[in-house]
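Student: Could you walk me through this model, with the cut-offs spelled out as we go?

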Amino acid sequence: MKSASDVPIIQTFGLSKRYRQTTAVDEISLRVEPGQVFGFLGPNGAGKTTTIGLLLGIINPSGGRFRLFGGESAAELHAARRRIGATLEYPNFYPYLSGRDNLRIVADVKGLDSKEIDRVLDLVGLGRRAKQKFKAYSLGMKQRLALGATMLGDPELIILDEPANGLDPEGMREIREIIRGLGERGKTIFLSSHLLSEVERTCTHVAIIQHGRIVRQDSVADVTSHGVAGLRSADLAALETAVAEYPAAQWVKRRGDRVVAELDDGDLAALNEWLVGRGIHVSHLVFEARSLEDVFMEATGVADIGEPTDGSSGRDERRMGEVP
Ligand SMILES: Nc1ncnc2c1ncn2[C@@H]1O[C@H](COP(=O)(O)OP(=O)(O)O)[C@@H](O)[C@H]1O
Ligand SMILES: [Mg+2]
């Protein structure tokens, strides 16, 4: 049975944006369904912001087309964008105005009353700090205010460009909880991120973008459900080297106190026997859930998503993500 609610919220068909030197977005086909918390994951420069700009009508496509709420004509897109709350990477707020007054400016444009401002301030946990000047806010509070601005008017689709950018683990957790809460209320969320752990923890679905192209698109559960082998032994370096030479191992890497590998045949016993034959005795050998990082590495052939621009190393970023 096909009802109005089955219409994809976002659908792109070979959507492209070329600049003189670069193809920022290269024939991408995305499909975001109602109620999904959709992560648009890729390293810096992959084409995430450009894609969001295309969807919001800020950037003109060089090729392809897209639908929002099933509509694709100029009039339909215009109407659809009224159902969207969005923020690009660095929202503009007035530093000398309070958080509340900054939201009031946005609310006035949308014709919303102060009740709506209060509702949103409470949702993003700024109710008690609403009268403070924006410039006195911590980065986490600023990001939450930006999130609040997108929520004014209770839009059906919320588009966020790197909502956790530059935040500490606590700030990330706060943003994550707000986004999850929105998802639980049935909102559709499309968020871009270069942080694997954020997408893994926040999103129901993911598209991985690299050099402007989508390399993988699925539910987070599906892309991570297929297991990988986790192994431990006294000499991890020797173990890693040996597993790397195992014919059925697609890739191998060190993760914490373990060596993790993707096996073509999924046969742990055969791997163990092979290792024993090389004099390596494994103290721990199990199938464990694959992380989004494994999927990213497999899809792109790149071991690391790349250095974030906020000055911290990618490794720290992942450690941040491991804080509960
Ligand atoms: N206005 C522009 N002119 C030329 N190149 C651009 C422009 N905007 C973005 N790019 C290039 O397009 C690519 C994708 O950029 P962007 O969409 O900002 O990536 P992301 O948001 O994933 O970091 C980058 O190589 C970037 O340098
Ligand atoms: Mg960007």
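Tutor: What follows takes up the sheets, the helix packing and the ligand shell in turn. The model is predicted, with local features taken at pLDDT of at least 70, side-chain atom pairs counted only at pLDDT 80 or more, and totals for chains, interfaces and linings using all residues. Residues are numbered from 1 along each chain as its sequence is written, and chains are lettered from A and ligands numbered from 1 in the order in which they are written.

Student: What is the strand order in the open sheet of six strands?

Tutor: The order is S6-S7-S8-S4-S9-S10, and the pairing is mixed. Helices (H or I, at least four residues) and strands (E, at least two) are DSSP runs numbered from the N terminus, and two strands pair if DSSP finds at least two bridges between them.

Student: And which strands stand at the edges?

Tutor: Strand S6 (84-87) and strand S10 (213-219) do, each with a single partner strand, so one side of each has no neighbour in the sheet. On average, neighbouring strands of this sheet are turned by 10 degrees against each other, direction ignored; axes here are lines fitted to C-alpha atoms, for helices over the stretch in contact, and angles run from 0 to 180 degrees between N-to-C directions.

Student: In which sense do S4 and S8 pair?

Tutor: Strand S4 (residues 37-41) and strand S8 (residues 188-193) pair in the parallel sense, over five bridges, and Val37 stands opposite Ile189 in S8. Helix H6 (residues 169-184) packs on this sheet, touching S4, strand S7 (157-161) and S8, and its direction makes about 150 degrees with that of S8. Contact is counted between two residues whose C-beta atoms, placed from the backbone, lie within 7 Å.

Student: Switching to helices: at what angle do H3 and H5 cross?

Tutor: The axes of helix H3 (residues 99-109) and helix H5 (residues 139-151) cross at roughly 30 degrees and come within 10 Å. H3 and H5 are therefore roughly parallel to each other, on a scale where angles under 35 degrees count as roughly parallel, over 145 as roughly antiparallel, 65 to 115 as roughly perpendicular and the rest as oblique.

Student: Which residues meet there?

Tutor: Gly99, Asn102, Leu103 and Val106 in H3 meet Leu145, Gly148 and Ala149 in H5. By class, that contact has four nonpolar, three polar and no charged residues, where Ala, Val, Leu, Ile, Met, Phe, Trp, Tyr, Cys and Pro count as nonpolar, Asp, Glu, Lys and Arg as charged, and the others, Gly among them, as polar.

Student: How about H3 and H4, what is their crossing angle?

Tutor: The axes of H3 and helix H4 (residues 114-123) cross at roughly 125 degrees, again coming within 10 Å, and H3 and H4 are therefore oblique to each other. Arg100, Leu103, Arg104 and Ala107 of H3 make the contact with Glu116, Ile117, Val120 and Leu121 of H4. These residues divide into five nonpolar, no polar and three charged.

Student: What surrounds ligand 1?

Tutor: The residues around ligand 1 include Tyr19, Thr22, Asn44, Lys48 and Thr49, where near means that the C-beta atom, placed from the backbone, lies within 6 Å. Helix H1 (residues 48-56) gives the most to this shell, with three residues, and by class the shell has three nonpolar, seven polar and one charged residues.
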